[in-house]
Amino acid sequence: MPEPRPPIVELTLARMREFTREPEAIFWVFVFPLLLALSLGFAFREKPPDKIPIGIVAGPHANERLAALRASPVLLPRIVSEEEGKLALRRGKISLLVTGDATPVYRFDPTRPDARAGRIEADDALQTAAGRKSIFKSTEQHVSERGSRYIDFLVPGLLGMNLMGTGIWGVAFSVVNARMRKLLKRLVATPMRKRDYLLAHIFSRIGFLIIETVALVTFGWLVFDVSVNGSLVTFSILCITGGIAFTGIGILIASRARTIEAVSGMANLIMMPMWICSGVFFSYERFPEPVKPFIRLLPLTALNDALRLVMNDAAPLASISTQLAVLAAWAVLTFLIGLKIFRWQ
Amino acid sequence: MTEVSNLAVSCVGLKKHYSDVRAVDGLDLSIGLGECFGLLGPNGAGKTTTIEILEGLTPRDAGDVTILSRTWEHDERELRERIGISLQETQLSDKLTVIETLTLFRSFYRRGHEPDELLRDLSLDEKRNARVGKLSGGQKQRLAVACALIGNPDILFLDEPTTGLDPQSRLQLWDVVARFRAGGGTVLLTTHYMDEAERLCDRIAIVDHGHLIALGTPKELIAKLDAPFIIEFTSEPHLDENEIRAVTGCRGCTRRGDAWQLRVDSLAVAVPQLMGAIDARGAKLVTLSTHAATLEDLFVSMTGRELRDA
């Protein structure tokens, strides 16, 4: 008879088998994040800035103004009637309306940045056409470096969000399902150690975390040329610590819940603030200064910040120690509290 | 102390209440090593609460529990190694196969059976690689019992092991229990099936509303009935209770729906008298049946209710 494997190994294997035999879970964990990255990546892909639409009120000077404004590479002028132009301006179809007889009058909403830019560009073009000479010839340098594009911001954010979602859902659903089936009660009727059951969830999560992280990072690299600039060891330590922190939160959420509805509500309640505040799609720098220290204590903020540092700025392990400490604290506290208050029946 | 060490399970003054319901109300039980003991009673009698307290899964309000001369408070891990449990309504993981499930449970025990051998013993070897979700009710229940047996326990606790199973699956499970006993094992099971209790158990405790209402071997219990035979009949129109009680040797009667049930000393005396009473009333006999008293009849006579739908 072969020596039986230790319970922690059997429990981890069982958890992994259950998960891979659930086709929906495969979709949400592995396919969905890739689709999300693909659609967002294309929506925010690099493209030349839109030209600013400008209306010129028909009149004696209209044609010469049209020619002058067409000379500017950033303007998109057209001739409109006065009534038509005012309507278009109000509806935002044009950013600026040029009227006036001998000297131009600019009608625009000064709170709109493109309208202000349009006013400066249009005035410059008309002045130049009227014969104004530049005092000196300036030149332009356009910047679009890897690491500073929106997609470079987005991919680490999506990775962090995915690790959060799969960590919390993967554990919470499985535990509550086992509780509803009275399987937890059956397991504690054996000599199984309770912490082994919860540790098995963490170990199986680490296994899947490696697969989903490799998939998403490879995808970002092949499709959007986003790569991990920092050390892969640092990157791996970070992803695993983050994954364990969210698994701990999943265990805590599932520790008392008796129904799938209860655990879904609780998981959404906990994840919602992090979707908004933790800088997945946009930077949390816009939030007021007094709340930022709290935002930085959220596990997803810590993970996203550190992921961006490692992926984009090639930060070494030492420089993400604060974020790692935040994640480790979440992991240990949630696991211990979850184990303590866990409802086995 | 020899007396104590011969006991597999004992409890004294066991009490448990849920909000305002007294699920178990002062129960004393002693189950000897090697014995098969049945807790018999209708749904809600407190059987499951009792067995789960004895299994160390449900805390009790009062009373003492001793399992294999040990207590849950001091020796939980040791006891978990030595008992096997099949809960009522546990659903094992649908996504795992039979052998994976059994191998998982085997890993929890220091000693125990080889999973493949146990599958052969329980006629589950053909389903070795089938997912648990694809098994029939009887196969699932046998797997549940296999998980209880995998650690080669001294005591097997089975909570309603055959409820909802087809007759063939019940027979297969009875066979499993009989073989476990043949190996010296002790069994505590709950059931609301008379025939199951009569066939499997050395001794039976009948419980109702958390109380012990009768205890003994199946034969002793039936002997407790004041009358050994039962007559059931319906007539058009119905007879009144005093007309029935007038039958010689009638020890009692109960009305259920259209039917009257009489407990009598002798069929030879009672049946002709009953026919006479029906004739005298000018009524017509619609149905008539008689049988030797069973545990079911004992329960009805003691509580006025039936076991299965009480």
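In the predicted model, Leu36(A) touches Leu158(A) and Met161(A), residues up to four places away in sequence being left out of the count. Leu36(A) is placed in helix H2 of chain A, which covers residues 23-43. Between Leu36(A) and Leu158(A) there are 122 residues of separation in sequence, yet the C-alpha to C-alpha separation in space is 8.3 Å.

A helix pair was also examined in chain A. Helix H9 (residues 232-254) of chain A packs with helix H12 (residues 299-313) of chain A at an angle of about 170 degrees, and the two axes are 10 Å apart. Because angles over 145 degrees count as roughly antiparallel, H9(A) is roughly antiparallel to H12(A). On the side of H9(A), the contact is made by Thr234(A), Phe235(A), Leu238(A), Cys239(A), Gly242(A), Phe246(A) and Ile249(A). These meet Pro299(A), Leu300(A), Leu303(A), Ala306(A), Leu307(A), Val310(A) and Met311(A) of H12(A). By class, the contact of H9(A) with H12(A) comprises 12 nonpolar and 2 polar residues, with no charged residues.

The interface of chain A with chain B was considered next. Contact between the chains involves 26 residues of chain A and 31 residues of chain B. The area buried between chain A and chain B is about 2,700 Å², and carbon and sulfur atoms give 56% of this area. On the side of chain A, the residues that lose the most area to chain B are Arg181(A), Arg186(A) and Pro191(A), which together make up 28% of what that side buries.

Between chain A and chain B, 6 salt bridges are counted. Arg17(A) forms a salt bridge with Glu100(B), in which the closest N and O atoms are 3.3 Å apart. Polar contact across the interface of chain A and chain B is found for 13 residue pairs, both residues of each pair being at pLDDT 80 or more. Helix H1 (7-20) and helix H7 (183-188) of chain A each supply at least two residues of the side of chain A that touches chain B. H1(A) gives the most to that side, with 6 residues. The side of chain A that touches chain B has, by class, 13 nonpolar, 2 polar and 11 charged residues.

Two features of backbone geometry were noted in chain B. Most residues other than glycine have a negative phi, and most peptide bonds are trans. The peptide bond from Glu236(B) to Pro237(B) is cis, with omega near -10 degrees. Pro237(B) is found in the loop between strand E10 (229-236) and helix H10 (241-245) of chain B. Glu89(B), a residue other than glycine, has a positive phi, near 65 degrees. The loop that holds Glu89(B) lies between strand E5 (83-86) and helix H4 (98-107) of chain B.

Definitions and conventions:
Residues are numbered from 1 along each chain as its sequence is written. Chains are lettered from A and ligands numbered from 1 in the order in which they are written. This is a predicted model: local features need pLDDT of at least 70, side-chain atom pairs count only at pLDDT 80 or more; totals for chains, interfaces and linings use all residues. Side-chain values use heavy atoms; hydrogens and water are left out. Contact means heavy atoms within 4.5 Å. Buried area is the accessible area (1.4 Å probe) that two parts lose on being put together, summed over both. A salt bridge is a side-chain nitrogen of Lys or Arg within 4 Å of a carboxyl oxygen of Asp or Glu. A polar contact is a pair of N or O atoms within 3.5 Å; within protein, one must be able to donate a hydrogen and the other to accept it, and residues adjacent in sequence count only if both atoms are side-chain atoms. Helices (H or I, at least four residues) and strands (E, at least two) are DSSP runs, numbered from the N terminus. Ala, Val, Leu, Ile, Met, Phe, Trp, Tyr, Cys and Pro count as nonpolar, Asp, Glu, Lys and Arg as charged, and the others, Gly among them, as polar. Axes are lines fitted to C-alpha atoms, for helices over the stretch in contact, and angles run from 0 to 180 degrees between N-to-C directions. Angles under 35 degrees count as roughly parallel, over 145 as roughly antiparallel, 65 to 115 as roughly perpendicular and the rest as oblique.
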